[in-house]
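Good morning. Please look at the structure on the screen while I go through a few of its parts.

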Amino acid sequence: MRWLLLLCLAGAAHAADTLYLYNWNNYISDASVARFEAQCGCRVVRDYYSDNEEMLAKLAAGASGYDLLVPTGNAVEALIRSRQLRPLDKSRLPSLKNLKPEFLNAFFDPGNRYSVPYAYTVTLLGYNIEKLAALNLPTDTWALIFEPRYLAKLKGRVTVLDSQRELIAAAMRYLGYSVNDRDAAKWNRARDLILRAKPYWAAFNASSYIKELTVGNIWLAHGYSSDMFQARADAKKAGRPFHIGYSIPKEGAVLALDSMVLHKTGRSPELALRFIDFMLEGRNSSELTNLIGSGNPNRAAMRYIDPEFFQASADNRAIFPDASTLGRLEMLRDLDRRQRRILNRLWTEIKLR
Amino acid sequence: MASQRGERLTRLGATAPPTLFLLAFFLVPALIVVLASFQFPGEFGGLAPLADPGDGREHGLTLENIQFFFSDFLFTEIFLRSFVVAAESTLICLVMAYPVAWLIAKSPKQHRDFLVLLVILPFASNFLIRVYAWMIILGPQAALARTLNGVLGAFGFEPVSLLFSPFAVLVGMVYVHLPFMILPLYTNLEKHDPLLLDAAQDLGANAWQRFWRVTWPLSLPGVFAGSALVFIPVLGMFAIPDILGGTRDMLIGNLIKDQFLGVRDWPFGATLSIVLTLCVLALAGLAAWAGKARRTHA
């Protein structure tokens, strides 16, 4: 009987000492995790998703026990409205003061009752600098992936994101609409724009465009800034005869602000709060930029960030957008189920035609 | 009497576990899917409740999902396209697998096990890795595409892209499912009595007649088994079109996957799954009926 009791105690102690983190692929440096583990004397168990919807689907199917999630704004909104999150005890988060005020009070969580900004990415265009220069193409406009006059030179060398929301959003910005406009007529116009450009694209791609850019198969890709940062670094490391660049199209783009939230089914909320505060410390937060190329909402992180990131270049403006660029970035909002179905049919049509 | 009862008990004991397993892990989930196809989608994913939650949220049953399916020919079109791809893959697999299976069946007995092992050897590495390997083989910088485009260029044709195309999808489908065609064919061909062919030859049949009138009809059970093992998985496959496909290669598997992992519409995903299952069952029924008609006719 005693050994059973001991086993239970050990199990309980084990649970309290383990943080279950459910995060994006490749969205935290191993060094940060190791440091946190040493500091708290605990273990961090990591699980990954590559899409907000994938995470929401897993939670909706009953996955439980995750202490901490790092969803994007619209997914935070869905999680809050479905009452899956635990309100934050801010007295436990002294480093909250480090955050830049422009990233607080976002639409999905006024007053930041549930969420703490972690990092952000921008959905933009990544490209092969040498190829685009040789073809005499601009690099700062969505026209590149939508206008046949440019695409004719890039046929079969372009991929776009395999994501309903992101691709429609790019088309909406190019047409001069808000990414959150839900008017069916405007969505139809976006669909027509996409269908006109589609014959020139190689594929809808959500995962392998980093590699395709890096090896030179693809010259232009619609994707996330942190992925483009990685493609650029990989091409450099492999000693390719070309370079990868990326820039935010002048028509505006989608900003994805990812936030740390506590899931209700997590068993170690205390530890999760400690982790949030740890990630808010300047040095730890700076690794999100230095190693992964994420945009950083943390003021205290700035002095630890590699000075290279602050030199004037299109790449850097995509990681730290200036005020006027920031004004042209929009965060996606969640759609209700009827709107999702309309968009779903539109997307199926886009895929089939 | 006692031994009969004992036998019945043994039979029950032997069949109960698999029956229970099928009930618990096949029939019950299938019924849940049928039920889900008549529910409303939950606002944040999952399903809306069946019973009234008392806060004005949607609940209960609806025909909306099946109506949505028929509201646009699009969805039917994806089904038709998927059936065409599955039929093409099955046919190519059959044409490629038959000679291989025949050669293995005809090779000396001591070599056969080794040859069969070679057929299943690719399963030793992960399915996704093998499909990714095709990305490299078909890529524009690989020898294959360069040679082909060199030849095309010499004749003044536009270069073609092998990767991200319906061709790449077909290659992937055939490659992955080929062993499932070879194995049942081999098992069947191995059992053929060589004396039948000798007899046919003695009666004056040439090589083609010996194949077409003796070997082929006898191998039909293997052909049907192999075809089912290729056709049905290809129909539901989503990973290969995702990885190797281009901008027009969405198949029914991708559409169903999107409903669950992309757009939070489980009821519509369930509806699509049910329609797919019904199509496959109808096809299997048709094949069985055709087989029966053949036999009674003969």
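How many bridges join strand 4 of chain A to strand 10 of chain A? Two bridges join strand 4 (residues 85-86) of chain A to strand 10 of chain A, and these strands run antiparallel. Strands here are DSSP runs of E with at least two residues, helices are runs of H or I with at least four, and both are numbered from the N terminus. Two strands pair if DSSP finds at least two bridges between them.

Before I go on, some housekeeping. This is a predicted model, where local features need pLDDT of at least 70 and side-chain atom pairs count only at pLDDT 80 or more, while totals for chains, interfaces and linings use all residues. Residues are numbered from 1 along each chain as its sequence is written, and chains are lettered from A, with ligands numbered from 1, in the order in which they are written.

Back to strand 10 of chain A. Strand 11 (residues 329-330) of chain A pairs with strand 10 in the parallel sense over two bridges, with V254(A) opposite E330(A).

Is strand 10 of chain A enclosed or open? Eleven of the eleven residues of strand 10 (residues 253-263) are buried, so the strand is largely enclosed by the rest of the structure. A residue is buried if 20 or more other C-beta atoms, placed from the backbone, lie within 10 Å of its own, exposed if 12 or fewer, and partly exposed in between.

For contrast, take helix 6 (residues 143-154) of chain B. Its number of buried residues is zero out of twelve, so this helix lies largely in the open. From first C-alpha to last, helix 6 of chain B reaches 16 Å, close to the 16 Å expected at 1.5 Å a residue; the expected span is 1.5 Å times one less than the number of residues. After helix 6 of chain B comes G156(B), with a positive phi near 80°.

Next, the domains of chain A. The assignment, which is automatic or from a database, gives domain 1 (2-119 + 257-318) and domain 2 (121-254 + 330-352). Their C-alpha centres lie 28 Å apart. The contact between them takes 16 residues from domain 1 and 16 residues from domain 2, where contact means that C-beta atoms, placed from the backbone, lie within 7 Å. On the domain 1 side, helix 4 (73-81) and helix 14 (314-319) of chain A each supply at least two residues.

Last, the largest nonpolar core. A nonpolar core is a set of buried Ala, Val, Leu, Ile, Met, Phe, Trp, Tyr and Cys residues joined through C-beta atoms within 7 Å. Which residues touch the most other members? Of its 143 residues, they are L68(A), I145(A), V158(A), A171(A) and L220(A). The largest share of this core, 13 residues, comes from helix 7 (residues 166-190) of chain B. Leaving aside neighbours within four places in sequence, V158(A) has contacts including I145(A), W201(A) and L220(A).

Key
Two residues are in contact if their C-beta atoms, placed from the backbone, lie within 7 Å.
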